[in-house]
Amino acid sequence: MELNEALRRFRKEVKITQAQAAKIAGVSEAMYQFYEYGRHEPTIGVLLSLADFYQVSLDYLVGRSDDPEMK
């Protein structure tokens, strides 16, 4: 799964808006939309914020692991 698809899936699973996800990530809503549309890639800081919020490992968030456990 591509990163942009994973970001959209996680956001929809927890039923938050793009504006809410952007606030969690510390970016503008427009920038967050670019992440979901695959037009820009998030920084490591943004990814860490989202992984912490979703309570999954960074590897799981970016599709490098099938194990969501944070270790």
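Let's start with lysine 15, which is exposed, with a relative accessible area of 75%. Exposed here means over 50% relative accessible area, buried means under 20%, and partly exposed is in between, using a 1.4 Å probe and protein chains only. Lysine 15 sits in the loop between H1 and helix H2 (18-25). Its phi is near 55°, a positive value in a residue other than glycine.

Before we go on, a word on what you are looking at. This is a predicted model, where local features need pLDDT of at least 70 and side-chain atom pairs count only at pLDDT 80 or more, while totals for chains, interfaces and linings use all residues. Residues are numbered from 1 along each chain as its sequence is written, and side-chain values use heavy atoms, with hydrogens and water left out.

Glutamine 55 is in the loop between helix H4 (44-54) and helix H5 (58-61). At 63% relative accessibility, glutamine 55 counts as exposed.

Now let's step back to the whole chain. How many helices and strands does the chain have? There are five helices and zero strands, and from the N terminus the order reads α-α-α-α-α. Helices (H or I, at least four residues) and strands (E, at least two) are DSSP runs, numbered from the N terminus.

What about overall size? The C-alpha trace spans about 30 × 20 × 20 Å along its principal axes. For 71 residues, a compact globule would have a radius of gyration near 11 Å, and the chain agrees, with 11 Å. That radius is taken over C-alpha atoms, and the globule rule is 2.2 Å times the number of residues to the power 0.38.

Buried residues make up 32% of the 71 residues. Of the contacts with a separation of 6 or more, 42% are between residues 24 or more positions apart; contact means heavy atoms within 4.5 Å. The chain exposes about 4,600 Å², and carbon and sulfur atoms supply 48% of that. Those areas come from the Shrake-Rupley method with a 1.4 Å probe, and for residues only the protein chains shown count as cover.

Next, charges. Side chains of opposite charge can pair when their charged atoms come close. A salt bridge here is a side-chain nitrogen of Lys or Arg within 4 Å of a carboxyl oxygen of Asp or Glu, and the count comes to four.

Which parts of the chain does the pair of arginine 11 and glutamate 36 link? The two side chains meet in a salt bridge at 2.5 Å, N to O. The pair joins distant parts of the chain, with arginine 11 in helix H1 and glutamate 36 in helix H3 (residues 29-37), 25 residues apart. Both arginine 11 and glutamate 36 are buried. They also belong to a network of salt bridges that links Arg8, Arg11 and Glu36.

Arginine 9 is partly exposed, at a relative accessible area of 30%.

Finally, aspartate 59 pairs with arginine 64 in a salt bridge, with the closest N and O atoms 3.8 Å apart. Here aspartate 59 is partly exposed at 35% relative accessibility, whereas arginine 64 is exposed at 67%. Thanks, everyone!
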